[in-house]
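Open the model in your viewer and keep the selection panel at hand. The tour goes stop by stop.

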Amino acid sequence: MSAWFFVFVWGAVAINLYFVGLMWQAIGWTAIDPVTTILVSFPLAFPATWATARWIRGLMDEAEA
C-alpha cells in the first residue's frame, strides 16, 4: 500500500524542500535548484512514505472500530 503513496510523498517532500531553499535567501544563501531539490528529496521520501503509510493505517483502523 505504501508504494502508491511514494510518488505523492516524494512530490510533497520536494515542494517543501524547495520552499525551504527559497526561504534561505532571506539569510543570504542561494536558492536550491529545482532539479537538485528533486534529486535530494528522493531518499528523504522513503521515511516520509513509511510515516504516511502508518498514519493512514491508523486512520483506517480507527474508522473500522
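How many salt bridges does the structure hold? The count is 1 in this predicted model.

**Stop one: the salt bridge.** Select R57 and D61. These two residues form a salt bridge, and their closest N and O atoms are 3.1 Å apart. Now show the cartoon. Both R57 and D61 lie in helix α2, 4 residues apart, which is about one turn of the helix. Next, colour by accessibility. R57 has a relative accessible area of 35%, so R57 is partly exposed. D61 has a relative accessible area of 39%, so D61 is partly exposed too.

**Stop two: T49.** Stay in helix α2, which covers residues 34–64, and select T49. Is T49 buried or exposed? T49 counts as buried, because its relative accessibility is 6% and the cut-off for buried is under 20%. The side chain of T49 reaches the backbone oxygen of A45 at 2.6 Å.

**Stop three: the nonpolar patch.** Switch to a surface view and select I15, F19 and L22. Together I15, F19 and L22 make a nonpolar surface patch of about 260 Å². Where does L22 sit? L22 is in helix α1, which runs over residues 2–23. L22 has 31% relative accessibility, so L22 counts as partly exposed. Patch residues need over 30% relative accessible area, and L22 is at 31%.

**Last look.** Show the three stops together: the salt bridge of R57 with D61, the contact from T49 to the backbone oxygen of A45, and the patch made by I15, F19 and L22.

Definitions and conventions. Residues are numbered from 1 along each chain as its sequence is written. This is a predicted model: local features need pLDDT of at least 70, side-chain atom pairs count only at pLDDT 80 or more; totals for chains, interfaces and linings use all residues. Side-chain values use heavy atoms; hydrogens and water are left out. Patches are made of residues with over 30% relative accessible area and no salt bridge: like charges are joined within 9 Å, nonpolar side chains (Val, Leu, Ile, Met, Phe, Trp, Tyr) within 5 Å. Accessible areas come from the Shrake-Rupley method with a 1.4 Å probe; for residues, only the protein chains shown count as cover. A salt bridge is a side-chain nitrogen of Lys or Arg within 4 Å of a carboxyl oxygen of Asp or Glu. Helices (H or I, at least four residues) and strands (E, at least two) are DSSP runs, numbered from the N terminus. Buried means under 20% relative accessible area, exposed over 50%, partly exposed in between (1.4 Å probe, protein chains only). A polar contact is a pair of N or O atoms within 3.5 Å; within protein, one must be able to donate a hydrogen and the other to accept it, and residues adjacent in sequence count only if both atoms are side-chain atoms.
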